[in-house]
Amino acid sequence: MKRWSSLVAVLLLLVIVVVAGCGSKSQTQPVVNLTNDTGDSLGASITVDKDDNVHLGYYDNTPGKNEIYYGIKPKSGGWSAPVNVTKNNGESFSPNLLVRPDGTLDLAWHDDEYSRNYQVLFSSKAPGADWTKAVNVSA
């Protein structure tokens, strides 16, 4: 349990460092618990878009198995509530999140939804839209 607490602390520290570096002026940001649940939240992937919005993907086992979650912190505002991107029967972990120049988010992760072997799944989210249905890109 001590190991998981350390990992969550590192995740929170990473978020603080990224958020503090997003503006043109250096700022001190308070520590914010983004997940605030009873499970383990791991594997953070953070990216910043051209408007300085911070996007976060991570996996969490609060629902009883690992699921991929997404949150956003607008340049001026607080963190959104986490959104479960995967919502499937498989174990989902190791999210990799990036933002395209047009603001579309791409998310890839490992998942065993389709077989006992882990596959790479992919979803994207255009600005103002929902996440697309996951596609197995390793098939």
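Strand E6 (residues 105-111) and strand E7 (residues 119-125) pair in the antiparallel sense over 7 bridges, in what is a predicted model.

Q: How do strands of a sheet pair, and which residue stands opposite Leu105 in E7?

A: Strands of a sheet pair through backbone hydrogen bonds, and the pairing is either parallel or antiparallel.

Q: What is the order of the strands in the open sheet, and which strands stand at the edges?

A: The open sheet has 4 strands in the order E5-E6-E7-E8, and the pairing is antiparallel. Strand E5 (92-99) and strand E8 (135-136) stand at the edges, and because each has a single partner strand, one side of each is left without a neighbour in the sheet.

Q: How many aromatic pairs does the structure hold, and how are the rings of Tyr58 and Tyr69 placed?

A: An aromatic pair is read from the distance between the ring centres and the angle between the planes, with planes under 30 degrees apart counting as stacked and planes over 60 as edge-to-face. The structure holds 4 aromatic pairs. In one of them, the centres of the Tyr58 and Tyr69 rings are 5.8 Å apart and the planes lie at 20°, so this pair is stacked. The pair links distant parts of the chain, since Tyr58 belongs to strand E2 (residues 54-60) and Tyr69 to strand E3 (residues 67-73), 11 residues apart.

Q: Are Tyr58 and Tyr69 buried or exposed?

A: A residue counts as buried under 20% relative accessible area. Tyr58, with a relative accessible area of 4%, is therefore buried, and Tyr69, at 14% relative accessibility, counts as buried too.

Q: What is the arrangement of the rings of Tyr59 and Phe93, and where in the chain are these residues?

A: The ring centres of Tyr59 and Phe93 are 6.0 Å apart and the planes stand at 65°, so the pair is edge-to-face. This pair also links distant parts of the chain, with Tyr59 in strand E2 and Phe93 in strand E5, 34 residues apart. Tyr59 is buried, with a relative accessible area of 16%, whereas Phe93 is partly exposed, at 22%. Ring pairs join Tyr59, Phe93 and Tyr118 into a cluster.

Q: Which side chain makes a polar contact with the side chain of Gln119, and which residues does Gln119 touch?

A: Gln119 is found in strand E7 and, at 17% relative accessibility, counts as buried. The side chain of Gln119 makes a polar contact of 2.8 Å with the side chain of Ser138. Leaving aside residues up to four places away in sequence, Gln119 touches Trp109, His110, Asp111, Asn136, Ser138 and Ala139.

Q: Where is Asn84, and which backbone nitrogen lies 2.9 Å from a polar atom of its side chain?

A: Asn84 has its place in strand E4 (residues 83-84) and is buried, with a relative accessible area of 18%. A polar atom of the Asn84 side chain lies 2.9 Å from the backbone nitrogen of Lys87, and the backbone nitrogen of Thr86 lies 3.1 Å from a polar atom of that side chain. Not counting residues up to four places away in sequence, Asn84 touches Glu67, Ile68 and Tyr69. The C-alpha atoms of Asn84 and Tyr70 are separated by 6.6 Å, although these residues are 14 residues apart along the chain.

Terms used. Residues are numbered from 1 along each chain as its sequence is written. This is a predicted model: local features need pLDDT of at least 70, side-chain atom pairs count only at pLDDT 80 or more; totals for chains, interfaces and linings use all residues. Side-chain values use heavy atoms; hydrogens and water are left out. Two strands pair if DSSP finds at least two bridges between them. Helices (H or I, at least four residues) and strands (E, at least two) are DSSP runs, numbered from the N terminus. Rings of Phe, Tyr and Trp (its six-membered ring) pair if their centres lie within 6.5 Å; planes under 30 degrees apart count as stacked, over 60 as edge-to-face and the rest as tilted. Buried means under 20% relative accessible area, exposed over 50%, partly exposed in between (1.4 Å probe, protein chains only). A polar contact is a pair of N or O atoms within 3.5 Å; within protein, one must be able to donate a hydrogen and the other to accept it, and residues adjacent in sequence count only if both atoms are side-chain atoms. Contact means heavy atoms within 4.5 Å.
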